[in-house]
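Here are my notes on the model you sent. Please read them with the structure open.

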Amino acid sequence: MQCPKCHAAMHTYNRNGVQIEQCSNCRGIFLDYGELEALTRLESQWSPAAPPAPPAPQAYPAPPAPAWGAPQHGGHHGGHYGGHHRHKSFGHMLFSS
Amino acid sequence: MSPHPSLAARVRQAVHPGRDLPGCACETVVLADRPDATVVRHGSLVGKAHAPGTDPEALAARLRVAARLPGVLLPPVATAPEGQPRPHTLWPYGTPVDPGDPDAAPWEAAGTLLARLHRTPAPPGLPPMRGPAKAADAVHRLRRTVGPGHPATAPILAAWSTLAPWARAEAPLPASALCHGDLHLGQLVRHPAPDGPWHLIDVDDLGTGVPAWDLARPAAWYACGLLPPDEWARFLGAYRSAGGPAVPADGDPWPALDVPARALTVQTAASSVAKAAAEDRSLDEVEQALVDACARMGRLPGAQAPNPPT
(Lines give C-alpha, C1' and ligand atoms only; values in the text may rest on other atoms or scores of the structure.)
Protein backbone atom coordinates (compact mmCIF):
# COMPACT_ATOMS: atom_id res chain seq x y z
CA MET A 1 0.00 0.00 0.00
CA GLN A 2 0.98 3.63 -0.32
CA CYS A 3 1.52 5.97 2.60
CA PRO A 4 -1.57 8.24 2.91
CA LYS A 5 0.69 11.11 4.00
CA CYS A 6 3.70 11.11 1.65
CA HIS A 7 2.60 8.38 -0.87
CA ALA A 8 5.79 6.33 -0.56
CA ALA A 9 5.55 2.53 -0.40
CA MET A 10 4.59 1.03 2.93
CA HIS A 11 6.16 -2.21 4.15
CA THR A 12 4.49 -4.75 6.38
CA TYR A 13 6.14 -5.81 9.62
CA ASN A 14 5.08 -8.29 12.25
CA ARG A 15 5.28 -7.00 15.81
CA ASN A 16 4.38 -9.65 18.36
CA GLY A 17 1.91 -11.19 15.97
CA VAL A 18 0.37 -7.84 14.96
CA GLN A 19 0.81 -6.66 11.37
CA ILE A 20 2.05 -3.11 11.09
CA GLU A 21 2.55 -1.12 7.89
CA GLN A 22 5.40 1.37 8.06
CA CYS A 23 6.20 3.98 5.42
CA SER A 24 9.65 3.52 3.89
CA ASN A 25 10.01 7.30 3.61
CA CYS A 26 8.44 9.17 6.54
CA ARG A 27 8.39 6.11 8.85
CA GLY A 28 4.73 6.73 9.62
CA ILE A 29 2.81 3.71 10.86
CA PHE A 30 -0.58 2.44 9.70
CA LEU A 31 -2.66 0.09 11.81
CA ASP A 32 -5.62 -1.88 10.51
CA TYR A 33 -8.88 -2.04 12.42
CA GLY A 34 -8.35 -3.77 15.76
CA GLU A 35 -4.57 -3.72 15.62
CA LEU A 36 -4.16 -0.84 18.09
CA GLU A 37 -6.34 -2.77 20.52
CA ALA A 38 -4.25 -5.89 19.93
CA LEU A 39 -1.07 -3.95 20.72
CA THR A 40 -2.63 -2.44 23.85
CA ARG A 41 -3.72 -5.89 24.94
CA LEU A 42 -0.20 -7.22 24.44
CA GLU A 43 1.27 -4.29 26.34
CA SER A 44 -1.02 -4.90 29.32
CA GLN A 45 0.20 -8.50 29.49
CA TRP A 46 3.75 -7.38 30.16
CA SER A 47 4.62 -7.61 33.80
CA PRO A 48 6.96 -4.80 34.87
CA ALA A 49 9.22 -7.30 36.62
CA ALA A 50 9.40 -9.71 33.71
CA PRO A 51 12.70 -9.90 31.88
CA PRO A 52 12.53 -8.55 28.34
CA ALA A 53 11.39 -11.20 25.90
CA PRO A 54 13.52 -11.92 22.87
CA PRO A 55 12.31 -10.02 19.83
CA ALA A 56 9.71 -11.82 17.75
CA PRO A 57 11.15 -13.27 14.56
CA GLN A 58 10.63 -11.01 11.59
CA ALA A 59 7.78 -12.30 9.47
CA TYR A 60 8.42 -12.59 5.74
CA PRO A 61 6.66 -9.57 4.30
CA ALA A 62 3.67 -10.30 2.10
CA PRO A 63 4.03 -9.29 -1.55
CA PRO A 64 2.67 -5.83 -2.39
CA ALA A 65 -1.05 -5.52 -3.09
CA PRO A 66 -3.15 -2.72 -4.60
CA ALA A 67 -4.96 -0.08 -2.57
CA TRP A 68 -8.32 -1.66 -3.46
CA GLY A 69 -7.14 -5.05 -2.18
CA ALA A 70 -8.54 -6.90 0.80
CA PRO A 71 -7.77 -5.03 4.04
CA GLN A 72 -6.35 -8.12 5.69
CA HIS A 73 -3.32 -8.21 3.40
CA GLY A 74 -0.11 -9.16 5.09
CA GLY A 75 -1.84 -10.64 8.08
CA HIS A 76 -1.94 -14.13 9.47
CA HIS A 77 -5.39 -13.21 10.68
CA GLY A 78 -6.94 -12.48 7.36
CA GLY A 79 -7.68 -13.73 3.90
CA HIS A 80 -10.41 -16.05 2.81
CA TYR A 81 -7.88 -18.78 2.12
CA GLY A 82 -7.39 -19.55 5.82
CA GLY A 83 -6.00 -22.90 6.83
CA HIS A 84 -5.70 -25.89 4.61
CA HIS A 85 -9.24 -25.83 3.31
CA ARG A 86 -9.85 -23.65 0.33
CA HIS A 87 -13.34 -22.29 -0.03
CA LYS A 88 -15.23 -24.51 -2.48
CA SER A 89 -16.40 -21.51 -4.46
CA PHE A 90 -12.80 -20.34 -4.93
CA GLY A 91 -11.74 -23.85 -5.90
CA HIS A 92 -14.22 -23.63 -8.77
CA MET A 93 -13.14 -20.08 -9.64
CA LEU A 94 -9.52 -21.20 -10.07
CA PHE A 95 -10.62 -23.33 -13.02
CA SER A 96 -13.12 -21.14 -14.84
CA SER A 97 -13.21 -18.09 -17.08
CA MET B 1 -23.65 -39.88 -25.07
CA SER B 2 -22.04 -36.84 -26.60
CA PRO B 3 -24.10 -33.68 -26.96
CA HIS B 4 -22.30 -33.20 -30.28
CA PRO B 5 -22.51 -36.44 -32.27
CA SER B 6 -20.65 -35.01 -35.26
CA LEU B 7 -17.79 -33.84 -33.04
CA ALA B 8 -17.62 -37.21 -31.28
CA ALA B 9 -17.64 -39.01 -34.64
CA ARG B 10 -14.82 -36.85 -35.93
CA VAL B 11 -12.63 -37.51 -32.91
CA ARG B 12 -13.38 -41.23 -33.07
CA GLN B 13 -12.48 -41.34 -36.74
CA ALA B 14 -9.24 -39.47 -36.13
CA VAL B 15 -8.24 -41.93 -33.40
CA HIS B 16 -9.17 -45.01 -35.47
CA PRO B 17 -8.68 -44.02 -39.11
CA GLY B 18 -10.17 -46.43 -41.60
CA ARG B 19 -12.33 -48.29 -39.08
CA ASP B 20 -16.07 -48.57 -39.17
CA LEU B 21 -17.35 -45.94 -36.79
CA PRO B 22 -19.55 -48.06 -34.57
CA GLY B 23 -16.86 -50.70 -34.28
CA CYS B 24 -14.73 -49.30 -31.48
CA ALA B 25 -15.05 -50.05 -27.82
CA CYS B 26 -13.36 -46.98 -26.35
CA GLU B 27 -15.43 -44.54 -24.42
CA THR B 28 -16.21 -41.00 -25.57
CA VAL B 29 -16.07 -38.67 -22.57
CA VAL B 30 -17.53 -35.17 -22.51
CA LEU B 31 -14.90 -33.00 -20.80
CA ALA B 32 -16.86 -29.74 -21.09
CA ASP B 33 -20.22 -28.67 -22.46
CA ARG B 34 -20.79 -24.92 -22.19
CA PRO B 35 -22.44 -22.46 -24.56
CA ASP B 36 -18.99 -21.30 -25.69
CA ALA B 37 -17.28 -24.68 -25.98
CA THR B 38 -17.95 -28.39 -26.09
CA VAL B 39 -14.96 -30.66 -25.55
CA VAL B 40 -15.03 -34.45 -25.96
CA ARG B 41 -12.25 -36.96 -25.50
CA HIS B 42 -11.87 -40.27 -27.30
CA GLY B 43 -8.71 -42.20 -26.52
CA SER B 44 -5.65 -40.11 -27.23
CA LEU B 45 -7.45 -37.20 -28.91
CA VAL B 46 -9.76 -34.38 -27.87
CA GLY B 47 -12.21 -32.57 -30.13
CA LYS B 48 -13.45 -29.09 -29.41
CA ALA B 49 -16.56 -27.46 -30.86
CA HIS B 50 -15.91 -23.73 -30.58
CA ALA B 51 -18.50 -21.06 -29.82
CA PRO B 52 -21.20 -20.48 -32.44
CA GLY B 53 -20.18 -17.63 -34.68
CA THR B 54 -16.43 -18.11 -34.13
CA ASP B 55 -14.54 -16.42 -36.95
CA PRO B 56 -12.86 -19.37 -38.72
CA GLU B 57 -10.02 -17.22 -40.09
CA ALA B 58 -9.20 -15.73 -36.69
CA LEU B 59 -9.33 -19.20 -35.16
CA ALA B 60 -7.02 -20.56 -37.88
CA ALA B 61 -4.52 -17.74 -37.20
CA ARG B 62 -4.60 -18.65 -33.49
CA LEU B 63 -4.15 -22.36 -34.27
CA ARG B 64 -1.09 -21.56 -36.38
CA VAL B 65 0.47 -19.79 -33.37
CA ALA B 66 -0.16 -22.89 -31.24
CA ALA B 67 1.37 -25.12 -33.91
CA ARG B 68 4.49 -22.95 -34.00
CA LEU B 69 5.03 -22.85 -30.21
CA PRO B 70 4.96 -26.52 -29.21
CA GLY B 71 6.93 -25.96 -25.99
CA VAL B 72 4.44 -23.38 -24.75
CA LEU B 73 1.04 -24.09 -26.28
CA LEU B 74 -0.47 -27.52 -26.87
CA PRO B 75 -0.06 -28.09 -30.62
CA PRO B 76 -3.27 -28.85 -32.54
CA VAL B 77 -3.56 -31.99 -34.67
CA ALA B 78 -4.45 -29.79 -37.66
CA THR B 79 -4.43 -26.03 -38.07
CA ALA B 80 -7.58 -25.78 -40.19
CA PRO B 81 -10.82 -25.72 -38.19
CA GLU B 82 -13.75 -27.54 -39.81
CA GLY B 83 -17.49 -27.12 -39.58
CA GLN B 84 -20.06 -24.37 -39.22
CA PRO B 85 -21.58 -22.66 -37.27
CA ARG B 86 -19.39 -24.23 -34.57
CA PRO B 87 -15.92 -24.93 -35.98
CA HIS B 88 -14.28 -28.12 -34.70
CA THR B 89 -10.62 -28.58 -33.84
CA LEU B 90 -8.61 -31.66 -32.81
CA TRP B 91 -5.97 -31.81 -30.08
CA PRO B 92 -3.87 -34.44 -28.31
CA TYR B 93 -5.25 -35.33 -24.89
CA GLY B 94 -3.26 -33.76 -22.04
CA THR B 95 -3.64 -34.37 -18.30
CA PRO B 96 -5.26 -31.35 -16.61
CA VAL B 97 -4.64 -29.89 -13.15
CA ASP B 98 -6.68 -31.93 -10.66
CA PRO B 99 -9.59 -29.68 -9.62
CA GLY B 100 -9.80 -31.70 -6.40
CA ASP B 101 -6.23 -30.76 -5.52
CA PRO B 102 -5.70 -27.08 -6.35
CA ASP B 103 -2.81 -27.04 -3.85
CA ALA B 104 -0.88 -29.00 -6.49
CA ALA B 105 -1.43 -26.19 -9.00
CA PRO B 106 1.66 -25.70 -11.18
CA TRP B 107 2.09 -21.98 -10.47
CA GLU B 108 5.75 -21.99 -11.50
CA ALA B 109 4.96 -23.64 -14.83
CA ALA B 110 2.10 -21.21 -15.44
CA GLY B 111 4.39 -18.22 -14.84
CA THR B 112 7.20 -19.63 -16.97
CA LEU B 113 4.92 -20.56 -19.88
CA LEU B 114 3.34 -17.11 -19.90
CA ALA B 115 6.75 -15.44 -19.87
CA ARG B 116 7.80 -17.52 -22.87
CA LEU B 117 4.55 -16.75 -24.67
CA HIS B 118 4.90 -13.03 -24.00
CA ARG B 119 8.48 -13.01 -25.24
CA THR B 120 7.45 -14.54 -28.58
CA PRO B 121 6.92 -12.02 -31.38
CA ALA B 122 3.30 -12.05 -32.51
CA PRO B 123 2.89 -13.03 -36.17
CA PRO B 124 1.41 -10.34 -38.42
CA GLY B 125 -2.33 -10.54 -38.86
CA LEU B 126 -3.07 -12.08 -35.49
CA PRO B 127 -6.27 -10.59 -33.99
CA PRO B 128 -6.25 -8.82 -30.59
CA MET B 129 -6.58 -11.00 -27.51
CA ARG B 130 -10.13 -11.16 -26.24
CA GLY B 131 -9.63 -10.47 -22.51
CA PRO B 132 -11.26 -7.02 -22.38
CA ALA B 133 -14.08 -8.18 -24.67
CA LYS B 134 -14.87 -11.01 -22.28
CA ALA B 135 -14.83 -8.68 -19.29
CA ALA B 136 -17.24 -6.38 -21.15
CA ASP B 137 -19.47 -9.37 -21.94
CA ALA B 138 -19.67 -10.28 -18.24
CA VAL B 139 -20.60 -6.71 -17.28
CA HIS B 140 -23.18 -6.57 -20.08
CA ARG B 141 -24.71 -9.84 -18.82
CA LEU B 142 -24.88 -8.44 -15.30
CA ARG B 143 -26.68 -5.33 -16.55
CA ARG B 144 -29.09 -7.36 -18.66
CA THR B 145 -29.90 -10.30 -16.39
CA VAL B 146 -29.47 -8.93 -12.86
CA GLY B 147 -29.83 -5.17 -13.12
CA PRO B 148 -29.87 -2.39 -10.52
CA GLY B 149 -32.17 -4.25 -8.12
CA HIS B 150 -29.29 -6.35 -6.79
CA PRO B 151 -27.11 -4.59 -4.18
CA ALA B 152 -23.89 -5.80 -5.88
CA THR B 153 -24.68 -4.31 -9.30
CA ALA B 154 -23.93 -0.67 -8.40
CA PRO B 155 -20.46 -1.25 -6.88
CA ILE B 156 -19.47 -3.53 -9.77
CA LEU B 157 -20.55 -0.97 -12.37
CA ALA B 158 -18.83 1.82 -10.42
CA ALA B 159 -15.58 -0.16 -10.41
CA TRP B 160 -15.98 -0.87 -14.15
CA SER B 161 -16.29 2.86 -14.78
CA THR B 162 -12.86 3.42 -13.16
CA LEU B 163 -11.15 1.46 -15.94
CA ALA B 164 -9.41 2.90 -18.97
CA PRO B 165 -11.47 2.50 -22.17
CA TRP B 166 -9.10 -0.12 -23.64
CA ALA B 167 -9.70 -2.35 -20.61
CA ARG B 168 -13.47 -2.13 -21.23
CA ALA B 169 -13.08 -3.02 -24.93
CA GLU B 170 -14.20 0.51 -25.81
CA ALA B 171 -10.88 1.53 -27.39
CA PRO B 172 -8.20 -0.37 -29.31
CA LEU B 173 -6.02 -2.56 -27.13
CA PRO B 174 -2.40 -1.42 -26.78
CA ALA B 175 -0.78 -4.34 -28.60
CA SER B 176 2.61 -4.95 -27.11
CA ALA B 177 2.84 -8.74 -26.80
CA LEU B 178 1.43 -12.12 -27.71
CA CYS B 179 -1.11 -12.91 -24.97
CA HIS B 180 -3.16 -15.95 -23.97
CA GLY B 181 -6.20 -13.87 -23.03
CA ASP B 182 -7.94 -16.22 -20.57
CA LEU B 183 -5.51 -17.75 -18.10
CA HIS B 184 -6.79 -19.91 -15.25
CA LEU B 185 -5.82 -23.30 -13.85
CA GLY B 186 -8.08 -25.09 -16.35
CA GLN B 187 -5.81 -23.83 -19.13
CA LEU B 188 -2.84 -26.04 -18.26
CA VAL B 189 -2.32 -29.67 -19.28
CA ARG B 190 0.57 -32.12 -19.19
CA HIS B 191 1.46 -33.42 -22.64
CA PRO B 192 2.20 -36.17 -23.41
CA ALA B 193 -0.23 -37.50 -20.79
CA PRO B 194 0.06 -38.30 -17.99
CA ASP B 195 3.30 -36.64 -16.87
CA GLY B 196 4.82 -34.70 -19.76
CA PRO B 197 5.68 -31.01 -19.42
CA TRP B 198 2.92 -28.47 -18.81
CA HIS B 199 1.42 -26.66 -21.81
CA LEU B 200 -1.10 -23.86 -22.16
CA ILE B 201 -4.35 -24.76 -23.93
CA ASP B 202 -7.36 -22.90 -25.34
CA VAL B 203 -6.31 -20.41 -28.00
CA ASP B 204 -9.80 -18.95 -28.51
CA ASP B 205 -8.87 -15.67 -26.79
CA LEU B 206 -5.20 -15.59 -27.80
CA GLY B 207 -3.88 -12.53 -29.61
CA THR B 208 -1.92 -9.33 -29.34
CA GLY B 209 -2.43 -7.10 -26.33
CA VAL B 210 -1.31 -6.07 -22.88
CA PRO B 211 0.61 -9.02 -21.39
CA ALA B 212 -0.23 -8.03 -17.81
CA TRP B 213 -3.76 -9.22 -18.60
CA ASP B 214 -2.53 -12.82 -18.44
CA LEU B 215 -1.20 -12.26 -14.91
CA ALA B 216 -4.26 -10.37 -13.81
CA ARG B 217 -6.58 -13.20 -12.81
CA PRO B 218 -4.16 -14.62 -10.18
CA ALA B 219 -3.30 -11.01 -9.27
CA ALA B 220 -6.99 -10.24 -8.72
CA TRP B 221 -7.43 -13.39 -6.61
CA TYR B 222 -4.44 -12.38 -4.50
CA ALA B 223 -5.59 -8.79 -4.14
CA CYS B 224 -9.03 -9.93 -3.03
CA GLY B 225 -7.51 -12.10 -0.31
CA LEU B 226 -8.46 -15.38 -2.03
CA LEU B 227 -5.11 -16.65 -3.31
CA PRO B 228 -2.51 -17.13 -0.55
CA PRO B 229 0.50 -14.79 -0.79
CA ASP B 230 2.96 -17.65 -1.28
CA GLU B 231 1.11 -19.01 -4.33
CA TRP B 232 0.98 -15.54 -5.87
CA ALA B 233 4.69 -15.08 -5.11
CA ARG B 234 5.54 -18.41 -6.77
CA PHE B 235 3.60 -17.51 -9.93
CA LEU B 236 4.98 -13.97 -10.18
CA GLY B 237 8.50 -15.07 -9.26
CA ALA B 238 8.58 -17.74 -11.97
CA TYR B 239 7.26 -15.24 -14.52
CA ARG B 240 9.96 -12.74 -13.60
CA SER B 241 12.71 -15.37 -13.53
CA ALA B 242 11.77 -16.41 -17.06
CA GLY B 243 12.09 -12.81 -18.27
CA GLY B 244 8.40 -12.06 -18.66
CA PRO B 245 7.94 -8.52 -19.98
CA ALA B 246 4.56 -7.65 -18.41
CA VAL B 247 6.01 -6.35 -15.14
CA PRO B 248 9.38 -4.87 -14.15
CA ALA B 249 12.00 -7.47 -13.20
CA ASP B 250 11.80 -6.39 -9.57
CA GLY B 251 10.04 -3.89 -7.35
CA ASP B 252 6.33 -3.29 -7.12
CA PRO B 253 4.49 -4.99 -10.03
CA TRP B 254 1.18 -3.25 -9.30
CA PRO B 255 1.58 -0.18 -11.51
CA ALA B 256 1.50 -2.63 -14.47
CA LEU B 257 -1.04 -5.04 -12.98
CA ASP B 258 -3.54 -2.59 -11.56
CA VAL B 259 -5.83 -1.97 -14.54
CA PRO B 260 -6.03 -5.59 -15.76
CA ALA B 261 -6.45 -6.91 -12.20
CA ARG B 262 -9.29 -4.46 -11.60
CA ALA B 263 -10.89 -5.61 -14.86
CA LEU B 264 -10.60 -9.29 -13.91
CA THR B 265 -12.00 -8.56 -10.44
CA VAL B 266 -14.97 -6.80 -12.03
CA GLN B 267 -15.44 -9.57 -14.60
CA THR B 268 -15.33 -12.31 -11.96
CA ALA B 269 -17.62 -10.38 -9.62
CA ALA B 270 -20.12 -9.75 -12.44
CA SER B 271 -20.14 -13.43 -13.48
CA SER B 272 -20.44 -14.59 -9.87
CA VAL B 273 -23.33 -12.26 -9.09
CA ALA B 274 -25.15 -13.28 -12.29
CA LYS B 275 -24.69 -16.93 -11.34
CA ALA B 276 -25.87 -16.41 -7.76
CA ALA B 277 -28.89 -14.44 -8.98
CA ALA B 278 -29.76 -17.17 -11.51
CA GLU B 279 -29.61 -19.71 -8.69
CA ASP B 280 -31.69 -17.39 -6.48
CA ARG B 281 -29.19 -17.43 -3.64
CA SER B 282 -27.17 -14.85 -1.75
CA LEU B 283 -23.46 -14.34 -2.41
CA ASP B 284 -21.04 -16.62 -0.63
CA GLU B 285 -17.96 -15.33 1.19
CA VAL B 286 -15.71 -15.56 -1.87
CA GLU B 287 -18.17 -13.78 -4.17
CA GLN B 288 -18.70 -11.08 -1.56
CA ALA B 289 -14.92 -10.54 -1.34
CA LEU B 290 -14.91 -9.71 -5.08
CA VAL B 291 -17.82 -7.29 -4.75
CA ASP B 292 -16.16 -5.66 -1.72
CA ALA B 293 -12.99 -5.11 -3.78
CA CYS B 294 -15.13 -3.48 -6.50
CA ALA B 295 -16.66 -1.18 -3.89
CA ARG B 296 -13.18 -0.14 -2.70
CA MET B 297 -12.09 0.58 -6.32
CA GLY B 298 -15.02 2.91 -6.78
CA ARG B 299 -14.04 4.87 -3.66
CA LEU B 300 -10.37 5.40 -4.58
CA PRO B 301 -9.31 8.78 -5.88
CA GLY B 302 -7.78 9.06 -9.35
CA ALA B 303 -9.48 5.89 -10.44
CA GLN B 304 -9.07 6.61 -14.16
CA ALA B 305 -5.70 4.93 -14.57
CA PRO B 306 -3.45 5.65 -17.55
CA ASN B 307 -2.58 3.15 -20.24
CA PRO B 308 0.15 0.71 -19.28
CA PRO B 309 3.63 1.18 -20.67
CA THR B 310 3.99 -0.42 -24.08
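**Notes on the predicted model**

1. Confidence first. This is a predicted model. Chain B has an average pLDDT of 93, and 94% of the residues reach at least 70. For the model, ipTM is 0.89 and pTM is 0.81.

2. One stretch needs care. Residues 304-310 of chain B stay under 50 in pLDDT. The model still gives residues 304-310 of chain B 15 contacts beyond four places in sequence.

3. Next, the contact between the chains. Chain B puts in 31 residues and chain A puts in 26 residues. On the chain B side, the elements giving two or more residues are helix 6 (212-223), helix 7 (229-241), helix 8 (254-278) and helix 9 (285-299). Helix 9 of chain B supplies the largest share, seven residues.

4. What is the make-up by class of the side of chain B that touches chain A? There are 19 nonpolar residues, four polar and eight charged.

5. The largest nonpolar core holds 97 residues. B:Ile156, B:Ala216 and B:Val266 have the most contacts inside this core. Its largest share, twelve residues, is from helix 8 of chain B. Domain 1 (5-92) and domain 2 (102-299) of chain B each give the core at least three residues. In soluble globular proteins, nonpolar side chains tend to be buried together.

6. Take B:Ile156 as a place to look. Which residues does B:Ile156 contact, leaving aside neighbours within four places in sequence? They are B:Leu142, B:Val266, B:Ala269, B:Ala270, B:Val273, B:Val291 and B:Cys294. One of these, B:Val266, is also named among the core residues with the most contacts.

Terms used. Residues are numbered from 1 along each chain as its sequence is written. Chains are lettered from A and ligands numbered from 1 in the order in which they are written. This is a predicted model: local features need pLDDT of at least 70, side-chain atom pairs count only at pLDDT 80 or more; totals for chains, interfaces and linings use all residues. Two residues are in contact if their C-beta atoms, placed from the backbone, lie within 7 Å. Helices (H or I, at least four residues) and strands (E, at least two) are DSSP runs, numbered from the N terminus. Ala, Val, Leu, Ile, Met, Phe, Trp, Tyr, Cys and Pro count as nonpolar, Asp, Glu, Lys and Arg as charged, and the others, Gly among them, as polar. pLDDT is the predictor's confidence in each residue, from 0 to 100. A nonpolar core is a set of buried Ala, Val, Leu, Ile, Met, Phe, Trp, Tyr and Cys residues joined through C-beta atoms within 7 Å. A residue is buried if 20 or more other C-beta atoms lie within 10 Å of its own, exposed if 12 or fewer, and partly exposed in between; C-beta atoms are placed from the backbone. Domain bounds come from an automatic or database domain assignment.
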